[in-house]
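Subject: Handover of a structure and its findings

Dear colleague,

I am writing to hand over the structure shown below. Please read the notes that follow it with the structure open beside them.

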Amino acid sequence: MLTIKPIESLTKTELDQLRSVILEYGDHMYIDLALIAGKQRFAYEMLDFPGGRYVKPEGAFFLALYAGQPAGCIGVKRYDAESCEMKRMYVKPEFRKLGIGIELCRVAIDVAKDYGYSSMLLDTNKEMPAAISIYDKFGFKEIPAYCENENPNPVYYRYDLC
């Protein structure tokens, strides 16, 4: 029932669905949770999505389809020569508790390994306990800030891929 497709294999309709899921992610982050960090970067990124950040050989983006319906997304992008970042992991509310977030995380880790990165970084916020639970299950380790996050409760993680 769950299919996770890389952006380069999406049909025009699926690409439109992916954009819709990502915009829903933005609404969740910046309206529902009232977070502020990254709002301008997100808006800029959406103007040129996927741009050069989320394409081979340095990045990737995936759409999760559950029973053919758009259910979630995740991205991987280069941070530096050795590290990548997990970005924009989101599962639509009606598809939560089905293990989709876990599978998206697994796919992101696998592609990061395939691309030769030695570590994966991410920043999130304490307001997202379900995501934090997934990161903990995979063995991500909390680290000091590696990037700017102006939100009141940021959390930073690293996962060693080697």
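The model is a predicted one. Its seven strands form an open sheet of mixed pairing, with the order S1-S2-S3-S4-S5-S7-S6. Strand S1 (2-6) and S6 are the edge strands, each of them pairing on one side only. From one strand to the next, the twist averages 30 degrees.

The pairing can be followed from S1 onwards. S1 and strand S2 (residues 60-66) are joined in the antiparallel sense over five bridges, and here Lys5 stands opposite Leu63 in S2. S2 and S3 also pair in the antiparallel sense, over seven bridges, with Phe62 standing opposite Ile74 in S3. These two strands, S2 and S3, form a hairpin with two residues between them, and Ala67 in the turn has a positive phi of about 55 degrees. S3 and S4 are again antiparallel, over six bridges; Gly75 has Lys87 in S4 as its bridge partner. S3 and S4 form a hairpin as well, with four residues between them. S3 is mostly covered, since eight of its 10 residues are buried.

Helix H1 (residues 12-32) touches S1, S2, strand S3 (69-78), strand S4 (83-91) and strand S5 (119-125), and its direction makes about 95 degrees with that of S2. Helix H3 (residues 100-114) touches S1, S2, S3, S4, S5 and S7, and its direction makes about 160 degrees with that of S4.

H3 also meets another helix. In general, two packed helices are described by the angle between their axes and the distance between the axes. For H3 and helix H4 (residues 129-138), the axes come within 10 Å and cross at roughly 50 degrees, which makes H3 oblique to H4. The crossing of H3 past H4 is right-handed. On the H3 side the residues involved are Gly101, Ile102, Cys105, Arg106 and Ile109, and they meet Ile134, Lys137 and Phe138 in H4.

Apart from neighbours within four places in sequence, Thr124 is in contact with Ile132, Tyr135, Asn149, Asn153, Pro154, Val155 and Tyr157.

Finally, the aromatic residues. The count of aromatic pairs, with ring centres within 6.5 Å, comes to 13. Elsewhere in the list of aromatic residues, Tyr25, Tyr30, Phe42 and Tyr90 form one aromatic cluster.

With kind regards

Key:
Residues are numbered from 1 along each chain as its sequence is written. This is a predicted model: local features need pLDDT of at least 70, side-chain atom pairs count only at pLDDT 80 or more; totals for chains, interfaces and linings use all residues. Side-chain values use heavy atoms; hydrogens and water are left out. Rings of Phe, Tyr and Trp (its six-membered ring) pair if their centres lie within 6.5 Å; planes under 30 degrees apart count as stacked, over 60 as edge-to-face and the rest as tilted. Two strands pair if DSSP finds at least two bridges between them. Axes are lines fitted to C-alpha atoms, for helices over the stretch in contact, and angles run from 0 to 180 degrees between N-to-C directions. Contact means heavy atoms within 4.5 Å. Angles under 35 degrees count as roughly parallel, over 145 as roughly antiparallel, 65 to 115 as roughly perpendicular and the rest as oblique. A crossing is left-handed if the near helix is turned anticlockwise from the far one by less than a right angle, and right-handed if clockwise. Buried means under 20% relative accessible area, exposed over 50%, partly exposed in between (1.4 Å probe, protein chains only).
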